[in-house]
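Subject: Structure for your review

Dear colleague,

Please find below the structure that I am handing over to you.

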Amino acid sequence: MGNIIVLGIIGLVVGLSIYKIVKDKKNNVKCSGCSACPMNSNCNTHHSK
Amino acid sequence: MKIALAGNPNSGKTTLFNALTGKIEHVGNWPGVTVEKKEGSIKRSLNGSSEKMTVVDLPGAYSCSPYTQEESITKDFVMKEQPDVILNIVDATNLSRSLFFTSQLLELGIPVVVALNKSDLNVKQKTVIDTLLLSEKLHCPVVDTVATKGGASNGLSQLVQAIFGAYLSKEKQRSLGIRNAQTAATKEEVQKVDEKRFKVIASIVKEVERRNVHSSSQKMGDAIDRVVAHKWLGIPIFVLVIWFVFSLSQSWLGPFLADFFVGLIDGLYALVDSAMGDSVNPVLHSLLLDGIIGGVGAVIGFLPLIMVLFFTLALLEDVGYMARVAVVMDRFFKKIGLSGKSIIPMIVSTGCAIPGVMATRTIKNERQRRTTAMLSPFMPCGAKLPIIALFSGIFFNENSWVGTSMYMLAIIVVIVSGLVIRKITGDTSQSYFIMELPEYRVPSVKRAALSMLNRAKAFIIKAGTIILVCNAVVQLLQTFNWSFQVVGESNPGQSILASIASPIAFLFIPLGFGIWQFAAAAITGFIAKENVVGTLAVTFAITNFIDVEELALVGGTTEVMAVFGIGSVAALAYLVFNLFTPPCFAAIGAMNAELESKKWLFGAIGYQLGTGYTLAFFVYQFGTLFTTGSFGTAFVPGLIAVAAMIGFIIYLIKRPKAVQSVSRTVKVGA
């Protein structure tokens, strides 16, 4: 039972991370992490579309 | 309603844009921060009408005759998109220069509203501008604004009302009546018109402005500039400033804040560990605990240090110091065929290489632009800071000189590389850098905090996505062998990860870190540089790097070296290697877009790989020679590899390129 719960948690965490990566990729988010980025206003790292 | 926000560089357009729209676009106290247009709607609290008012923040321009790519964006937008109203930001402290552009905007026939920004500075400098008379002279509304100030007295609601009034009036904008302004086509005709324009503006300024030129703050600013922008003193001052920034972030305030953060991560680790107990499969246990929580935690632990660094850099930028750095460096950059303008992308790259590379589009000369895009990633970006902090913390007792020397080394590498690229391309053209130095001002803690929080947010998102997935994959790859059997903890060298990384580690023997864990970390570093720390944490099963005491208390530096299997010289070489090899894939993508040439792109990647390898080789071999009296392992094979790379560069410099030079000369001359 413990194994299933841990596997579920790992699956959920990794799944959510991959979902976010794919979503960002689709939205052309460069994930620069810098507010000086000229793409800033088109990037939902900082602003949701 | 579409409003174009146009004005001179560093007149406060983005600050006004943020104040009008409520956005948090990056604001810098130097010209050239905005290189692409940005859009936003005027916030409800300022817009009383039902009409949607969209503001487009355009890059700064001195005139409608574009000299740089960002000026072209401004000109094209105003000329082609025909906004309903042009909101012209005029720097009240520099009226005569600002009105040149204003006079050209008035000739477009689109209603213009002038925001006389930085009015508060005029009050301090005892300069008085008769706004009503100026409005009369320019035939358009003029509103005093202080975009940096909150509350009702910043003039923003009056400005929005004036914009709305100009929009509703639908009247064609009157120009200043400068003869032949619209018809001038040849260079001589434009020059004559410009002369007339200057005369008209001078007469307007004479009537509307009462200036107290010798204000004390100007004297003070000039006195500071004589020291910090001095051609010789400027450099040691810059080194000291960077050293102070690193000391604050990595030795003084940063670790103090990190303690609290690391406590939270340790608490989570212990909680999950006790919750799982012994009943969970060891593979799942270590995947969740060491791979995910440990790997991500090791990277996140550096967040407070990075936040302190970004906060301090944002304050320095806001106070106006970074613009002085560009001036100090211009002298060296001119010698290698670049200009001080190349410094701006490099300073931006200290946050992240992607915007740094993108900021190169402000450089008109193609060779200079490409060279700058190629060299900007050498500057240590935010993602590389955890690597610097890790190695300086563990191997050099948190010495701030490590981070400072990496910055200085980056500048030296940029200067030498610029010279090499100039020789390879054979382009000897020179450009001159004219930069308007912004006035010193008291930095805004709010602006610096916003900038820091933006970057921190992105850092956390990156740690929770790319780094988390990478660490989970690394953990799995080091748990199994190619037959998908679990390799024992005592035998990690049999894992899939070890078998992939070992051949690469072989190439690193002359650099002092020919160990598969280091090779694996360097490879994952190409996905995101923070991964270097995460992968080292996972492969060496260390949950918490930031708490150096945890490692040091076990047995001091010797114990740490035993865990890593390398000494401090090899650690420095590894640090240099990761800092000077190509940046992450996202930054390489940005390089691809800006270089606009596959030849340049692959040349840049090859050059960066060669630079990282060569520097790491010299650091390790000569560092070992200096500390032990003999060269390190595999000196001769390493020397042959480095000599081959240097020989190839010399060949590229020496090869005949007469045709290329002629075509470039013609292009530059034209």
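The notes below describe strands, aromatic rings, a cavity and a pocket in chain B.

This is a predicted model, in which local features need pLDDT of at least 70 and side-chain atom pairs count only at pLDDT 80 or more, while totals for chains, interfaces and linings use all residues. Residues are numbered from 1 along each chain as its sequence is written, chains are lettered from A and ligands numbered from 1 in the order in which they are written, and side-chain values use heavy atoms, with hydrogens and water left out.

**Strands**

Helices (H or I, at least four residues) and strands (E, at least two) are DSSP runs, numbered from the N terminus. Buried means under 20% relative accessible area, exposed over 50%, and partly exposed in between, with a 1.4 Å probe and protein chains only. In strand S4 of chain B (residues 85-91), 7 of the 7 residues are buried, so this strand is largely enclosed by the rest of the structure. In a regular strand, side chains alternate between the two faces of the sheet.

Two strands pair if DSSP finds at least two bridges between them. S4(B) is joined by 5 bridges to strand S1 of chain B (residues 2-7), and the two run parallel. In this pairing, B:Leu5 has B:Leu87 of S4(B) as its bridge partner. S4(B) also pairs in the parallel sense with strand S5 of chain B (residues 112-117), over 6 bridges, and B:Asp91 has B:Asn117 of S5(B) as its bridge partner. From S4(B) the chain crosses through helix H3 of chain B (residues 95-105) to S5(B), a β-α-β crossover that is right-handed (with the strands pointing away from the viewer, the path from the first strand over the helix to the second runs clockwise).

S1(B) is also joined to strand S3 of chain B (residues 54-57) by 4 bridges, again in parallel; the partner of B:Lys2 there is B:Thr54. Strand S2 of chain B (residues 38-41) pairs with S3(B) in the antiparallel sense over 4 bridges, with B:Gly40 opposite B:Val55. From S3(B), B:Thr54 and B:Val56 point one way and B:Val55 and B:Asp57 the other way, and all are buried.

**Aromatic rings**

Rings of Phe, Tyr and Trp (its six-membered ring) pair if their centres lie within 6.5 Å; planes under 30 degrees apart count as stacked, over 60 as edge-to-face and the rest as tilted. Over all chains, the structure holds 26 aromatic pairs. One of them is the edge-to-face pair of B:Phe513 and B:Tyr574, at 4.8 Å centre to centre and 75 degrees between the planes. This pair links distant parts of the chain, 61 residues apart: B:Phe513 is in the loop between helix H19 (496-507) and helix H20 (516-524) of chain B, and B:Tyr574 is in helix H23 of chain B (residues 568-580). B:Phe513 counts as buried, at 0% relative accessibility, and B:Tyr574 counts as buried at 0% as well. Ring pairs link both residues into a cluster whose members include B:Phe391, B:Phe508 and B:Phe577.

**Cavity and pocket**

On a 1 Å grid over the protein atoms alone, a cavity is a set of points where a 1.4 Å probe fits but cannot get out, and a pocket is an open set with protein on both sides within 12 Å along at least five of seven lines; lining residues have an atom within 4 Å of a point. Grid points are joined across faces, edges and corners, and a volume is the space filled by probe spheres set on the points. For residue classes, Ala, Val, Leu, Ile, Met, Phe, Trp, Tyr, Cys and Pro count as nonpolar, Asp, Glu, Lys and Arg as charged, and the others, Gly among them, as polar.

The search finds 4 cavities of 30 Å³ or more in the whole structure. The second largest cavity has a volume of about 160 Å³. Its lining has 13 nonpolar, 1 polar and no charged residues, and H12(B) gives the largest share, 4 residues.

The second largest pocket holds about 870 Å³ of space. Among its 31 lining residues, B:Met374, B:Val420, B:Ile424, B:Tyr607 and B:Ile649 are the closest to its centre. H25(B) supplies the largest share of this lining, 11 residues. By class, the pocket lining has 20 nonpolar, 8 polar and 3 charged residues.

Yours sincerely
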